[in-house]
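Hello,

Here is the structure I promised to pass on to you. My notes on it follow below; please read them with the model open beside you.

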Amino acid sequence: MFYSKEEFKENFSMRLEQQEQPVTLQTAYSILAGMVREFVKRDWNETNHFYQNEQRKQLYYFSIEFLIGRMLGQNLMNLTIYELVNEGLGELGYDLAELEEQEPEPGLGNGGLGRLAACFMDSLASLQMPGHGCGIRYRGGLFSQVLKDGFQTEHPTDWINDSAGWDIRREDLATYIPFFGEVQPEHGQRFKASLTNAEWVKAVPYDMPIVGAYGKTVNTLRLWQAELPEQHLLPKADVETYKQHVVAISDRLYPDDSTEEGKILRLKQQYFLCSASLQTILKNRDFPVSALPKHVAIQINDTHPALAIPELMRLLLDGEGLSWEEAWGITTHTISYTNHTILEEAMEKWDSSMLEQLLPRIYMIIQEIDRRFKEKCHQENLDSEAKKKLSIIEDGIVKMATLAVVGSYKVNGVAKLHTEILKMREMKELNEHFPHKFHNKTNGITHRRWLMKANPELSSLITSVIGNEWTKDPVKLHQLNEFVQDPVFLGDFKSVKQQKKNQLTEYLEKNQTIKIDPESIFDMHIKRFHGYKRQLMNIFHIQMLYNRIKEDSAYRPYPRTFFFGGKAAKSYRFAKQVIKLINTVAEKINNDPVASKHLHIVFVEDYNVSRAEKMFPAADISEQISTASKEASGTGNMKFMMNGAITLGTFDGANIEIVEQIGDDNAFIFGVTAQQVMQFEEEKTYHAREIIEKDREIGQLISELLSGKLSKGLENIDFIRSQIIDENDPYFVLKDLQHYARTHNRVLAVYEDTLAWQEMSAVNIAQSGIFSSDRTIQQYSDEVWDLEKIYSR
Ligand code: Z16
């Protein structure tokens, strides 16, 4: 324990001296992390005892991903000892920032969905609410990305062996998960059964402390690891192969963002997570099972954990001996569901036969849920199309989204537009059947990591003008509105932004040996690579600028650096070709003596949470250019806004709500609307070829692309070619391209008016408080979970 700088220094030095080997930065990191873990222990225990003694309702957030990022700095900060430790270490000759860099990146998520879960954990603990995460302890998180000759290559990571050392094994809480086997119905009134000849997998939880702001509340992120069970549960033969199958379950994260593979291993992961978490919740309760909805809320993050619905039914029916009606009543008052996408390819569908073989009892329960639901719907007068939409099992396929809606008491989308599309189109029939189930909860981000931690310089500046109440209540950033025309404040803001740009420049020059002009405009497009996110439109536009510079000697625009960062799913061929295309164009432009004075492209390799923390604060422009209607919410858009970058984007996802906060004058919006996109899709009235034929500039661009001139070194652009030409440009890249180009010109014009630009930035910051995940979590609690805060502590 250390409460003063002197105590800290003494404790740290003592541990240093106990080391036998010479102290590396890595060991210094481990020592510090160990001290923080001990520091947290008392509050963690107290929080747990409090929850137990006071019988407070608990929320469990089930998610297949938790993209938590590094913990050391954030924990120090939330414990309010960051400065103390920083100074103490400095006096001992260590640099805290350097030690923070030693922590391995726990990449236990792909992108937005996983990072959202992590922001929610931070907000729950910081609002002193009893909410915990349940996830999987993947040995390897998301692959690390290495560019070879401009192509993405994927390299496995080994988070657990590089141990960051934050989680503790809880052998005492191990549970056992049954796969395969045969169902033995118990003949009687009830829908009860047992399973014989199952293959058992041992699930061991590792608990990680989630430290809320100002310490005190420390919640738990429980990550399950798959292990070989004890002797008596092992099969008679071939234990080695069995072990390989078992260990594979928590071996690695599936690297797909917004697409579903339908692989059996993924299904095993999902059931493993749901069964282990639910068994533990039921086993350790101290209330009658009928009171479950009063004591427990379970939120499922997308359909990945939707097997929680039939699994809870199984445990209530077969384990607790309840009737179907009792079990269904409890289940549908405990579980609620968040939808994160309307993209068809991301909707989870499982082959009935696969489900039935792997999880026979679960499949039987899903069939019964489906049968009863169809029976209920039968009383309504429905056409065959509506009946289809209301079926869980259809043509040998189990539709997880339908199961999730039927088995939950609340269903939400993640931004206003997205929720409207769900209610009016994708889930229209379900919404009509369950008129009070659907609601919106616009996403949020934790301002503690994305502003206070990532941008301490801006945070101090803000505090120096409005005081520090905003750190507790970020909506109070509104108070900055009084200063958005104050030239002194704007000047100070400008120097902070420059400082962050300089820091990023230095970091990238050191780590990637790239030269960057820190005085140029920093334009950033950082997110997973996906067709609908339209990195292709961005690079097409840059190529058009290059052509203009070449053709028109009078056209010499203000210098801009275009940053790209993001990974493509390993098997997503189109997205990987876009990465190569960007790098090919980058090489050409960056080496062109004339063009490179005006345009510069930087591809930041292996974009992850730690790199993101360095990039958002340095941005001038936030590229949010998804095809309208396709991005459910976006959360990077909010991180940029909070750091004063201006949105250049489409009217999609949460961009719409950002503009609602700041007014049209403080963002650059372009492109076809969601309405128009959906109309084009329905009526099939968009023809990319017409644009290629009529628009000279775009025509030239496409012929350069097809002739290989643009894509030298990228001989094979077949996936890009076929998407634009054969598939008629499904993401409307060419449709929006010129409007996008004109909008970039508007951006440049404003940028050159420094004060006007700073004012826009300041308004963005002042209005960003509503996008704190504290607001989102408060709304979930008020309207879905009904949690009590722990004020009394
Ligand atoms: C994901 O990150 C998202 C949706 C999805 O179906 C699967 C994954 Cl892995 C994203 C959305 O694309 C994004 O718009 C949203 O902001 C994010 O989830 C969090 O809700």
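A word on domains before anything else: their bounds come from an automatic or database domain assignment. On that basis the chain is divided into domain 1 (55-70 + 105-342 + 777-785) and domain 2 (520-755), and the C-alpha centres of domain 1 and domain 2 lie 37 Å apart.

Two housekeeping points. This is a predicted model, in which local features need pLDDT of at least 70 and side-chain atom pairs count only at pLDDT 80 or more, while totals for chains, interfaces and linings use all residues. Residues are numbered from 1 along each chain as its sequence is written.

Overall shape

The C-alpha atoms of the chain fill a box of roughly 85 × 70 × 55 Å along the principal axes. A compact globule of 793 residues would have a radius of gyration near 28 Å, and the 27 Å of the chain agrees with that. (The radius is taken over C-alpha atoms, and the globule rule is 2.2 Å times the number of residues to the power 0.38.) The secondary structure comes to 33 helices and 23 strands; these are DSSP runs numbered from the N terminus, with helices (H or I) of at least four residues and strands (E) of at least two.

Counting a contact when C-beta atoms, placed from the backbone, lie within 7 Å, 26 residues of domain 1 touch 21 residues of domain 2. On the domain 1 side, helix H6 (112-126), strand E3 (144-148) and strand E4 (151-155) each supply at least two residues. The largest share, 4 residues, comes from E3. By class, this side has 7 nonpolar, 13 polar and 6 charged residues. Here Ala, Val, Leu, Ile, Met, Phe, Trp, Tyr, Cys and Pro count as nonpolar, Asp, Glu, Lys and Arg as charged, and the others, Gly among them, as polar.

The ligand

Both domain 1 and domain 2 give residues to the shell around the ligand, so it lies between them. The ligand is surrounded by 19 residues, the closest being Gly112, Leu113, His340, Thr341 and Ser633; a residue counts as near if its C-beta atom, placed from the backbone, lies within 6 Å. The shell has 5 nonpolar, 11 polar and 3 charged residues.

Two sheets

Strands pair if DSSP finds at least two bridges between them.

E13 and E15 (residues 397-399) pair over 3 bridges, with Trp350 opposite Val398 in E15.

Best wishes

Key:
Contact = placed C-beta atoms within 7 Å.
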